[in-house]
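Dear colleague,

Here is the structure you asked for. My notes on its salt bridges follow below.

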Amino acid sequence: MQALQSKVKAGAAMRRSAAPMRPSARSHVVVRAVATVPSTKRASAVMTPEVAKMLYEDMVLGRDFEDMCAQMYYRGKMFGFVHLYCGQEAVSTGIIRAMRDEDHVCSTYRDHVHALSKGVPAREIMSELFGKKTGCCRGQGGSMHMFSAKHNVLGGYAFIGEGIPIGLGAAFQSKYEVDILGEDHDYDVTASFFGDGTCNVGQFYECLNMASLYKLPHIFVVENNKWAIGMNHPRATADSLGDSDPHIYKKGPAFGMPGVHVDGMDVVKVREVALEAIARARRGEGPTLIECETYRFRGHSLADPDELRTKEEKDHYLARDPIPAFRKYMLEHKLANEADIKAIQEKVTAIVDDCVAYAEESPRPDMSQLLENVFPDPRGFGIAPDGRYRFEHEGFSSGNVQVS
């Protein structure tokens, strides 16, 4: 214990002497609403052809993957609730593709595309949706619980708000490693995604407070698609002070962090805001609350007949589809040509077809998986010093204990 305390103290001292001074916890915070691309010249300067094509491919993959999920669901290949992300791709791509591999992402029950953007192979996600052993959770997580330790995807969560404290824990770990243990690297950043309905539950506010108090490298990403299942956002959330509408991003300054509003149907704008928030967190300047105004093109889940939203509202957002909008942007700014776009589409089609075939051919989990990761020892006799279950040792008698 004394050795550990000495290491912690030494690490903290080294970090204080080597690192630049952190900004004051009470530094001035500005609320910024981003509604337009700053300028064509500036946007082109930061958007190279390579980056543009990477973003476009990621969005197309997300859309085509989800469309295929709908087909497979209605063919009886998937079970339970399946929540699709169609229409919101600019948010996932704009935020996650601006992050590093070592950064973390915490998702919601609408998590397939977040996992794709973070690098989890389409094969593993589709297999998980099929309930197969080759899935990223070996078939035991399903649609709402995508997780990948290798890719730093901290999971999808069926209940709203559940994932934010988990994401905050990852950000706290990063802060602790650098500031207390003195590890020689900058902060790893965590982005926690959630919807507008989550912004009325307690975990959201508790985490805003803790993130700001400890200046954690955390980004709160609100995917405001206007509907919390069947509840329209303005019917459930009070207007922000001085406004005729509820603005979630304005809750940020109340907790000492920037609040940013961005057009979540425009990947260029989302990426610009994300890069700034990530850089700010990596420098040790604390969290940012980003409200992305977006829209889902399908019902809440594939079991939802989607009868509450008007045709006029749906058509308004369909006309702002982020994928054709970005395709047009790339062509106009000579970031890609029609041949590039066709090649990307063909590549994505092959990936999606392959992942379905892979999931179909993959084996189902063995019954032996049922008790794994549920109890520390499936028979209750404990683990021996060599790491094996005691009942597995030669000569061990289990008496009359039976495993059902």
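Is Glu-360 buried, partly exposed or exposed? Glu-360 is partly exposed, with a relative accessible area of 37%; buried means under 20% relative accessible area, exposed over 50%, and partly exposed in between (1.4 Å probe, protein chains only).

Before the rest, some notes on the source. This is a predicted model, in which local features need pLDDT of at least 70, side-chain atom pairs count only at pLDDT 80 or more, and totals for chains, interfaces and linings use all residues. Residues are numbered from 1 along each chain as its sequence is written, and side-chain values use heavy atoms, with hydrogens and water left out.

Searching the whole structure gives 23 salt bridges, each being a side-chain nitrogen of Lys or Arg within 4 Å of a carboxyl oxygen of Asp or Glu.

Glu-360 pairs with Lys-77 in one of them, with 3.3 Å between the closest N and O atoms. The two are 283 residues apart: Lys-77 lies in the loop between helix 3 (49–74) and helix 4 (89–96), and Glu-360 in helix 13 (residues 338–361). Helices here are DSSP runs (H or I, at least four residues), numbered from the N terminus. Lys-77 is partly exposed, at 29% relative accessibility.

Asp-354 forms a salt bridge with Arg-123 (2.7 Å, N to O). This pair joins helix 13 to helix 6 (residues 122–129), across 231 residues. Asp-354 is partly exposed at 32%, and Arg-123 is partly exposed at 35%.

Asp-266 and Lys-269 form another salt bridge (3.7 Å, N to O). Lys-269 is buried, at 9%.

Finally, a network of salt bridges links Arg-100, Glu-102, Asp-186 and Asp-188.

Regards
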